[in-house]
Amino acid sequence: MTTDPKALPGADPHTGNRDIDPVTGYDTTGHDWGGIRELNTPFPKVALIALVITVVYSIIAWILLPAWPLGRDYTRGLLGLDQNEMAMESLGRVETRRETWLAAFDDPDFDAIAADEALMARARPAAERLYQDNCAACHGTEGMGGPGFPVLSDDYWLWGGDPETIATTLQVGINATHPDTRWAQMPAFDWMERSDRHALAGYVSDLSGGRADHDGPAAVLFEENCVACHGERGRGGLMNGAPALTDDAVIYGQDEASVMDTLRNGRQGLMPYWSDRLSDAEINLLAVYVAGLGDDTTGGTP
């Protein structure tokens with residue numbers, strides 16, 4: 001061991017003097033950064049131990065677990081683990097548990113199912129997920145609808161709002177390509193005189209506010225051209241795809257300008273059918289959920 005002070009760690013090689021920080025007692029490196037001196041502290045033992053443990057773990061993991069790519073394949077490790085197989089096995093277990101309660105919706109008694117609180121409590125998260133994945137984009141996350149898409153959380157229905165009828169609508173769609181699809185169309189009335197269209201648009205616009213003159217010439221136009229689909233005085237309820245015109249459940253707008261546009265160009269909405277994407281049980285579950293969207297006390301469970 002040298003006794004030359006010039007050769008000691010941290011000593012000036014020319015004078016042998018050491019610059020020691022008075023607070024920590026550590027030598028400095030001799031660097032000065034605007035009055036801030038850099039300490040010559042030893043490498044922390046904790047960090048060194050952590051580094052050794054990390055290296056040892058990495059070597060063990062390389063040997064035991066899938067690690068090294070081999071073109072389109074990879075090493076399986078001594079444990080022979082395959083994450084894809086593990087994920088599929090886990091998914092299979094989930095599907096098996098799901099099928100145990102979903103079977104109740106294969107050919108359901110909707111009233112009995114709605115009354116089974118335990119079943120609905122278990123099924124509701126899956127029903128909500130089905131709704132969000134397949135319906136929310138058009139009808140809104142809470143079933144509040146939007147321009148061109150009907151509200152599902154009120155009591156006004158174009159084809160019927162009981163679970164069985166909703167299930168049928170989901171099965172075949174509306175104006176869809178299914179051979180049994182429901183069909184509805186608002187024809188264009190561009191053949192009608194513009195003055196008559198204006199009068200009719202004003203009458204329809206006033207229906208929702210209860211201001212319509214049912215004894216005027218516009219009411220006669222409505223009787224002759226609209227009652228067959230929209231019902232007496234626009235009250236609807238015929239479950240033929242034509243909405244009521246006296247409530248707030250407006251799909252395309254019921255101000256006079258919007259009604260004029262509808263009369264001039266017609267309307268034909270589209271709802272795809274879901275029987276090629278969802279199973280019968282999932283459709284029935286979804287129908288029960290949608291039927292209960294307007295029930296504030298259950299939040300999607302009638």
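# Reading a predicted model by its numbers

Tutor: Leaving aside neighbours within four places in sequence, threonine 169 is in contact with Trp159, Ile174, Arg182 and Met271. Keep in mind that this is a predicted model.

Student: What makes threonine 169 count as buried?

Tutor: Its relative accessibility is 9%. Buried means under 20%, and 9% falls under that cut-off, so threonine 169 counts as buried. You will find threonine 169 in helix α6, which covers residues 163-172.

Student: Met271 was one of those contacts. Which residues does methionine 271 touch, leaving aside its neighbours within four places in sequence?

Tutor: They are Thr169, Leu170, Gly173, Ile174 and Ala176. Methionine 271 itself is found in the loop between α10 (256-265) and α11 (280-291).

Student: Why is methionine 271 called buried?

Tutor: The relative accessible area of methionine 271 is 18%. The limit for buried is under 20%. Because 18% is under 20%, methionine 271 is buried.

Student: Which residues does the UniProt annotation "binding site" cover?

Tutor: In an unreviewed entry, UniProt gives Cys135, Cys138, His139 and Met271 for that annotation.

Student: How do you know that they cluster in space?

Tutor: Look at two values together. These residues are spread over 137 residues of sequence, although the largest C-alpha distance among them is 10.7 Å.

Student: Let's take cysteine 138. Why does cysteine 138 count as partly exposed?

Tutor: Cysteine 138 has 37% relative accessibility. Partly exposed lies between the buried limit of under 20% and the exposed limit of over 50%. The value of 37% sits in between, so cysteine 138 counts as partly exposed. Cysteine 138 is part of helix α5 (residues 136-139), and it touches Gly145 and Phe149, not counting residues up to four places away in sequence.

Student: What would an exposed residue look like? What makes alanine 115 exposed?

Tutor: Alanine 115 has a relative accessible area of 61%. Exposed means over 50%, and 61% passes that mark, so alanine 115 is exposed. Alanine 115 belongs to helix α3 (residues 110-115). Its C-alpha atom is 25 Å from that of glutamate 95, 20 residues apart along the chain.

Student: Let's step back to the chain. Into which domains is the protein chain divided?

Tutor: There are domain 1 (45-74), domain 2 (86-181 + 271-293) and domain 3 (194-265). The centres of domain 1 and domain 2, taken over C-alpha atoms, are separated by 48 Å.

Student: How do you know from which domains the lining of the second largest pocket draws at least three residues?

Tutor: By seeing which domains the lining residues belong to: at least three come from each of domain 2 and domain 3. The second largest pocket has a volume of about 190 Å³. Of the 18 residues that line it, Tyr156, Trp157, Leu158, Ala244 and Asp247 are the closest to its centre.

Student: How many residues of that lining are nonpolar, polar and charged?

Tutor: The lining of the second largest pocket has twelve nonpolar, two polar and four charged residues.

Student: Where does UniProt place the feature "transmembrane region"?

Tutor: The unreviewed entry puts it at residues 46-68. In the model, residues 46-68 are 83% helix and 0% strand, and their end C-alpha atoms lie 30 Å apart.

Student: Which residues does UniProt list for "domain: Cytochrome c"?

Tutor: That unreviewed entry lists residues 122-208 and 212-294. Residues 122-208 are 47% helix and 0% strand, and residues 212-294 are 42% helix and 0% strand.

Notes:
Residues are numbered from 1 along each chain as its sequence is written. This is a predicted model: local features need pLDDT of at least 70, side-chain atom pairs count only at pLDDT 80 or more; totals for chains, interfaces and linings use all residues. Side-chain values use heavy atoms; hydrogens and water are left out. UniProt positions are given in the numbering used here, feature names are shortened, and annotations may be inferred rather than shown by experiment. Helices (H or I, at least four residues) and strands (E, at least two) are DSSP runs, numbered from the N terminus. Buried means under 20% relative accessible area, exposed over 50%, partly exposed in between (1.4 Å probe, protein chains only). Contact means heavy atoms within 4.5 Å. On a 1 Å grid over the protein atoms alone, a cavity is a set of points where a 1.4 Å probe fits but cannot get out, and a pocket is an open set with protein on both sides within 12 Å along at least five of seven lines; lining residues have an atom within 4 Å of a point. Grid points are joined across faces, edges and corners, and a volume is the space filled by probe spheres set on the points. Ala, Val, Leu, Ile, Met, Phe, Trp, Tyr, Cys and Pro count as nonpolar, Asp, Glu, Lys and Arg as charged, and the others, Gly among them, as polar. Domain bounds come from an automatic or database domain assignment.
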